[in-house]
Amino acid sequence: MQEASIGWTQEPHLSVQQLTSMRGLNRRFLELAGKGSSWSGWGTQVALLSPPQRAAAADCPYALFDLRFQDEAHWRGRMQSASAWCIADAPRADDELVDFVRLVLFYTWHLASSPGFAAHLLLGMREDTADAFRRVPVDALPALASSEAVNLAPRWNHCGAYWTALLGAAARSDPAALRRVQLSGLQLAAAAQLPSEPREV
């Protein structure tokens, strides 16, 4: 299968390097999911994908994973106490998972510290969260990886239709369908940024 090359680099707010790194992290996340994670029932579907199919599914201009990036209160609290954390204080987690989360945290810090909207566009991060990452010293990040590993989850895990369509298009080696699903992820990302209206009782 040829990888779906769909011109995400035309996005003026994102660099080729940012998109390449995002794609690599997405691929590693799908590899973790395919090894039997407890995130969702679609882990079996991921395991059945060939490496080129998994790479094609990972080729999105946004993260396929989430670390509670829209939860401003969570990250504000975590970053305020980050300097007090020690690696030994964190609960024990799977080494491969912690390594991935450590990479994500460093990449997140880099995006948040860069000018522009990359953290917002790629991770769905709120501005207050990006600001919290900017203010924390980079050497405090490794100690957070073990404790934050429990928060790693598929992005839009509640949206089974998205994941079924994404993995199904990748498995069928259907670049046009895969592009449509990947574009629908941009709609999900935009919808997640809309303020929720109070519901009438």
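Modeller: Of the 201 residues of the protein, 45% count as buried. The model is a predicted one. Its secondary structure consists of ten helices and two strands, arranged along the sequence in the pattern α-α-α-β-α-α-α-α-α-β-α-α. Among contacts with a separation of 6 or more, 80% join residues 24 or more positions apart.

Colleague: Why is helix 5 called roughly perpendicular to helix 7?

Modeller: Helix 5 (residues 95–113) and helix 7 (residues 127–135) pack at an angle of about 105 degrees, their axes being 8 Å apart. Angles of 65 to 115 degrees count as roughly perpendicular, and helix 5 is therefore described in that way relative to helix 7.

Colleague: Which residues make that contact, and how do they divide into nonpolar, polar and charged?

Modeller: Helix 5 contributes Leu-105, Thr-108, Trp-109, Ala-112 and Ser-113, while helix 7 contributes Ala-130, Phe-133 and Arg-134. Five of the contact residues are nonpolar, two are polar and one is charged.

Colleague: How do you know that the span of helix 5 agrees with its number of residues?

Modeller: The expected span is 1.5 Å times one less than the number of residues. For the 19 residues of helix 5 this gives 27 Å, and the end C-alpha atoms are 27 Å apart, so the two values agree.

Colleague: Which residues of helix 5 are buried, and what covers them?

Modeller: The buried residues are Leu-97, Val-98, Phe-100, Val-101, Val-104, Leu-105, Tyr-107, Thr-108, Leu-111 and Ala-112. Their cover includes helix 1 (16–34), strand 1 (65–66), helix 4 (72–80), helix 6 (118–123), helix 7 and helix 8 (142–148).

Colleague: How many residues has the largest nonpolar core, and which of them have the most contacts inside it?

Modeller: That core has 59 residues, and those with the most contacts inside it are Phe-29, Leu-30, Leu-64, Phe-65, Leu-122, Leu-123 and Tyr-162. Helix 5 supplies the largest share of this core, with nine residues. In soluble globular proteins, nonpolar side chains tend to be buried together. Leu-64 touches, among others, Phe-29, Leu-30, Tyr-162, Trp-163 and Leu-166, leaving aside residues up to four places away in sequence.

Colleague: What makes Trp-156 buried and Arg-68 partly exposed?

Modeller: Buried means under 20% relative accessible area, exposed over 50%, and partly exposed in between. Trp-156 has a value of 8% and is therefore buried. Arg-68, at 32%, is therefore partly exposed.

Colleague: What are the phi values of Arg-68 and Trp-156, and where are these residues placed?

Modeller: Arg-68 is not a glycine, yet has a positive phi of about 60 degrees; it is in the loop between strand 1 and helix 4. Trp-156, also not a glycine, has a positive phi of about 55 degrees and is in the loop between strand 2 (153–154) and helix 9 (160–171). Just after helix 9, Ser-173 takes a positive phi of about 55 degrees.

Colleague: How do you know that the span of helix 9 agrees with its number of residues?

Modeller: The twelve residues of helix 9 should span 16 Å, and the end C-alpha atoms are 16 Å apart, so the span agrees. The buried residues of helix 9 are Tyr-162, Trp-163, Leu-166, Leu-167, Gly-168, Ala-169 and Ala-170. These pack against helix 1, helix 2 (43–47), helix 3 (51–58), strand 2 and helix 10 (175–193).

Technical notes: Residues numbered from 1 in each chain as written. Predicted model: local features only at pLDDT ≥ 70, side-chain atom pairs only at ≥ 80, totals over all residues. Heavy atoms only, no water. Axes fitted to C-alpha atoms, helices over the stretch in contact; angles between N-to-C directions. Helix = DSSP H or I, 4+ residues; strand = E, 2+ residues; numbered from the N terminus. Parallel < 35°, antiparallel > 145°, perpendicular 65-115°, else oblique. Contact = heavy atoms within 4.5 Å. Nonpolar A, V, L, I, M, F, W, Y, C, P; charged D, E, K, R; others polar. Core = buried A, V, L, I, M, F, W, Y, C linked by side-chain atoms within 4.5 Å. Buried < 20%, exposed > 50% of the residue type's maximum accessible area, 1.4 Å probe, protein only.
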